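Colleague: I would like to go through the labels attached to this model and hear the grounds for each.

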Amino acid sequence: MAQLWGGRFTKETDRLVYAFNASIGFDRRLLLQDIEGSIVHAGMLGKQGIITEQEAEEITGGLVRILEDVESGKLTVDERYEDVHSFVEAVLTERIGEAGKKLHTGRSRNDQVALDMRLYTRVQVRETDILLRGLLEVLLGIMEENTETYMPGFTHLQKAQPLTLAHHMGAYFEMFRRDRLRMRDILERMNICPLGAGALAGTTYPLDREDTARQLGFDGPALNSMDAVSDRDYLLEFLSALSIVMMHLSRFSEEIIIWNSDEYRFIEIDDAYSTGSSIMPQKKNPDIAELVRGKTGRVYGDLMALLTVMKGLPLAYNKDMQEDKEAAFDAFDTVKDCLLLFTGMMATIKFRKERMAESAMRGFTNATDAADYLVGKGVPFREAHGIVGKLVLCCMEKNTSIDALPLSEMRKISDKFEEDIYDAVSLRACVDKRLTIGAPGREAMEKVIAVYREYLNEKEIKNE
């Protein structure tokens, strides 16, 4: 098949070389963006008198029909073409004749593909933000319903202090809220238009780059034509942000997997998000959480692949940059799938509240509060710390908990213990006494939940 760049060459490209060079197998997903950019470019060419208004109208009409035919199934993207850009231009010329050959006036495939990828990525950033917001809605719903669902908090995977399920979910709310902030930052930096940069040095045609940038929803045109066609920072930023999203999902998945184990039994995952064993009939496996955890490495790999592609490239465009798409597309798809499935799983999880509270009581999570109790009785904290350490040792020897140990046994260790110690080390007291903002106490949590609800009601990325 004749290439758009074939005039310089005297013989056909080797078929293996052609196949190795072609990108239509994966860049076909840029069809909408390619046509969108081409319509705006053609209209500008007409307004600037570079082509006639009639030619611009013929091109625009032809492009619209190509898109409609592909979307309806009347036209299939033909993989005999090198890339989606060649396919669109060839079909357009076949349908409308000579006017189709004028579409490429004043632009290079370099700024064309840079535009298409930027338009496509902008959509992906917004879609990812929408999915993150959906997950935050589910997490906030769990928080609102569980301000008095007590559970152990952990450090080093050992029980540390009691808190609530609302507080635990709030930590992940903060993580995914930061992820949304990164989406906004990426959009702000990436929203400049490379169209009109040409191959690397602009063009002699009187293009109106400000107009095309505005029509395509950008803040303005790129100010350096070399950077415009060779910049992939926005992709690296987005893949980096997606890697952080996956890290957060992976940490969350790890906890879901632990909580689902028979040793913990904090949760029951809905049947729709679990599978069984081919040989062990009792098994109910947390496959979605495990797959999300596993796919995190895949997204990390996509980021490392693009970083490695870009690390030694001289200015301006190099064919190496074609390798940006498959890695980026894979990361986009993987993260969106993971967010969608993880959100569904969290929306249907059942929390075993009594089991969580029981676990909190069994691990001496109220030991710090017992020490604080002694401080309230005038005992220096360091001395109180040692007394409660002996108290814990006594409980371990008697296979009991602090709240179940008789007062007579406590007083053998310190005469400062009185009957009110039992109220002081109850789960409710241990949690609700923590009233500083960011702590798990109910009063503090209700303030934070109100902030989160206001945030979700107001903070949206514009979806022009």
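This is a predicted model: local features need pLDDT of at least 70, side-chain atom pairs count only at pLDDT 80 or more; totals for chains, interfaces and linings use all residues.

Colleague: Why is alanine 327 called buried?

Modeller: Its relative accessible area is 10%. Buried means under 20%, so alanine 327 is buried. The residue is part of helix α12, residues 324-348.

Colleague: What does alanine 327 touch, leaving out residues up to four places away in sequence?

Modeller: Asp302 and Ala305. Contact means heavy atoms within 4.5 Å. The C-alpha atoms of alanine 327 and aspartate 302 are separated by 4.8 Å, although the two residues are 25 apart along the chain.

Colleague: How do you know that the length of helix α3 is close to the expected one?

Modeller: Helix α3 covers residues 31-47, which is 17 residues. The expected span is 1.5 Å times one less than the number of residues, and for α3 that gives 24 Å. From first C-alpha to last, the helix reaches 24 Å.

Colleague: What makes α3 largely enclosed by the rest of the structure?

Modeller: The count of buried residues: 12 of its 17 are buried, so the helix is largely enclosed. Among them are Leu31, Ile35, Val40, Met44 and Leu45, and also Asp34 and His41. The buried residues pack against α2 (24-27), α4 (53-72), α5 (84-96), α6 (109-145) and α8 (209-215). Just after α3, glycine 49 has a positive phi of about 75°.

Colleague: Why is leucine 315 called exposed?

Modeller: Its relative accessible area is 62%. Exposed means over 50%, so leucine 315 is exposed.

Colleague: What is the omega of the peptide bond from leucine 315 to alanine 316?

Modeller: Omega is near 5°, and the bond is cis. Alanine 316 is likewise in the loop between α11 and α12.

Colleague: Which loop holds leucine 157, and what makes this residue count as exposed?

Modeller: Leucine 157 is in the loop between β1 (150-155) and β2 (158-164). With the cut-off for exposed at over 50%, a relative accessibility of 59% makes leucine 157 exposed. Its phi is positive, about 60°, although it is not a glycine.

Colleague: How do you know that asparagine 399 counts as exposed?

Modeller: Its relative accessibility is 72%, and exposed means over 50%, so asparagine 399 counts as exposed. Asparagine 399 lies in the loop between α15 (381-398) and α16 (407-413). Its phi is near 55°, a positive value in a residue other than glycine.

Terms used: Residues are numbered from 1 along each chain as its sequence is written. Side-chain values use heavy atoms; hydrogens and water are left out. Helices (H or I, at least four residues) and strands (E, at least two) are DSSP runs, numbered from the N terminus. Buried means under 20% relative accessible area, exposed over 50%, partly exposed in between (1.4 Å probe, protein chains only).
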